[in-house]
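This briefing covers the two chains of the structure shown here and the way they meet.

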2 protein chains.
Amino acid sequence: MRAIVATEPGGPEVLTAADLADPVPGPGEVLVDVAAAGLNRADLLQRQGLYPPPRGASDIIGMECSGTVAALGDGVTTEATGWSPGDQVCALLAGGGYAEKVAVPVGQLMPVPAGVPLVEAAGLPEVACTVWSNLVMTAGLEHGETLLVHGGAGGIGSFAIQLGKALGVTVLTTAGTEEKLAFCRELGADVAVDYHQEGPDADWVAVTRQHGGADVILDNMGAKYLARNVEALADGGRLTIIGLQGGAKAELDINALMRKRASVIGTTLRSRPPEGRRGKAAICAEVVAHVWPLIEEGAIRPIVDTTFPMDRAAAAHERMSSGEHTGKLLLTV
Amino acid sequence: MRAIVATEPGGPEVLTAADLADPVPGPGEVLVDVAAAGLNRADLLQRQGLYPPPRGASDIIGMECSGTVAALGDGVTTEATGWSPGDQVCALLAGGGYAEKVAVPVGQLMPVPAGVPLVEAAGLPEVACTVWSNLVMTAGLEHGETLLVHGGAGGIGSFAIQLGKALGVTVLTTAGTEEKLAFCRELGADVAVDYHQEGPDADWVAVTRQHGGADVILDNMGAKYLARNVEALADGGRLTIIGLQGGAKAELDINALMRKRASVIGTTLRSRPPEGRRGKAAICAEVVAHVWPLIEEGAIRPIVDTTFPMDRAAAAHERMSSGEHTGKLLLTV
């Protein structure tokens, strides 16, 4: 099969097409003919050699895809799982998406939500599983609460805003340009704050506190925002950190956390085990049950920025690095 | 009524007996004739002027007591609450325990567990509510998990060890002397590590990791232990910090937290609101339902170090400062 490989750690230019042996589905796995793969920020880190795949996972980059079931591995039956060759699916991957074929644990296959084109479905698994697992399964976000989403115009952020509104939550968000702020408001954000501006209206801590503080914060900045995020939390608030774009180590004011009875939670989706109560299969099952209906009824719309042919993966990585995109970047086979 | 007041912020010597007006129970409150009050570490901070009581609470030190219902305030009826004058109770207080009488929100009254003498019951509300609310309601400790309790020989620690064992949890603990380690083992701790010793058997991080890491850590040290506690957590672990005896600010390695999908939670019982899902009344109700039966069947035994007459509060504070006590210190009226 054709696949995109990083010939060595480096910039987008190290991504090149290669002919590799087809993957063979192991016990409990399904082989998928890939239609499209979604890009994620972690892909850039993996390309640079900074984010090795979990043990046992493919070396090929790519944490989500859509496509068609090609074959069922040992122990996977249509009777038990409902999947047959020819079914259109999307899938959460530990790796291997930038390729014509990929082997996937059967619990990480999901149907394509009704009304979503097959290619676009490639951009759903990571955002849907990340946002649902963090906001609902981990942080326990509930109707009537207040959510602060950092980077509201990105793939995760734009999905989190929409899910928040669908759950009946007040959604505050930050973004870096007027255009992105307008996009966040259009998605339903109640308040969008420009983190580049100066002045009281641009102080997201102050704005959040005016709204009573955030019950949940979804953060991709890590160290740079840690102290301000703790300041912005409401009593009983949960700060969920899923990215380290602002660094990994910062001083934590434990006393401030105690006074608010608040928590700081770090998570990655990729490191979760396939099975178990909070494993990938459990998350996929909840996403199909709770998030797919919201997509099918139009409460959440998948947002695609640009679709590139897979052999232009380098250009797609460059666009993601630029930060100019709004919504998902996809690679098509 | 007679009460103990701190004449100015300072050492134990500022605690003196005074005659004050009797408290009047407000709407929703009950007046209790105090039999005994329990000491807590926060009492020492309040005496030093470092821990002001929550707004609206009594200025008098004392966060728990036992005694007899003396009068019901407006809106409190025996029909609705089951409480009548003459009933023996213990209570979680926002303050006011070091006195002959105290007014208590009715939701914070609890019956005295069968078999526990009235005076000893004064030492139960803070430990039982702190340990249950943190380990079970906040950290979600479950049967089969591993719990690390720091300071296992103290009031909170000794209770946490026993509750952990009653819940079917593997309990590791730290303490500072051979005598205290033996005490922790006698309470049921599976492993007790001397944090003063050198060498591999005394490295509580290494010992905890040998047991697969801690699913829950109950910590009273704060900053000093933050990095090591994160290191000792299992995947999905919850570090619950309830004390700052080792300082309030320390560097947090967010990346380490993310890799483990772990959380750092800070809480105080005193700052919780009386009502609400995680409020004091809700905690007291769960404690009566789940912890009192464990005390009544002998799975958890209240541990009293020393009982002082209330006008010897200064001596009781000195004993708590010394760190030599094992179990609760009580003041009797």
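The points below are grouped by topic.

The model is predicted: local features need pLDDT of at least 70, side-chain atom pairs count only at pLDDT 80 or more, and totals for chains, interfaces and linings use all residues. Residues are numbered from 1 along each chain as its sequence is written, and chains are lettered from A and ligands numbered from 1 in the order in which they are written. The model scores are ipTM 0.90 and pTM 0.91.

**Interface**

- Contact (C-beta atoms, placed from the backbone, within 7 Å) joins 28 residues of chain B to 28 residues of chain A.
- On the chain B side, helix H8 (223-232), strand E12 (233-241), strand E13 (249-253), helix H9 (254-260) and strand E14 (263-266) each supply at least two residues; helices (H or I, at least four residues) and strands (E, at least two) are DSSP runs, numbered from the N terminus.
- This side of chain B comprises 13 nonpolar, eight polar and seven charged residues, where Ala, Val, Leu, Ile, Met, Phe, Trp, Tyr, Cys and Pro count as nonpolar, Asp, Glu, Lys and Arg as charged, and the others, Gly among them, as polar.
- Strand E13 (residues 249-253) of chain A pairs with E13(B) in the antiparallel sense over five bridges; pairing requires at least two DSSP bridges between two strands.
- A:Lys249 stands opposite B:Asp253 of E13(B).

- Twelve strands form an open sheet with mixed pairing, in the order E10(A)-E9(A)-E8(A)-E11(A)-E12(A)-E14(A)-E14(B)-E12(B)-E11(B)-E8(B)-E9(B)-E10(B).
- Strand E10 (191-194) of chain A and strand E10 (191-194) of chain B stand at the edges, each with a single partner strand, so one side of each is left without a neighbour in the sheet.
- Strand E11 (residues 214-219) and strand E12 (residues 233-241) of chain A pair in the parallel sense over five bridges.
- A:Val216 has A:Arg238 in E12(A) as its bridge partner.

Definitions and conventions
Contact = placed C-beta atoms within 7 Å.
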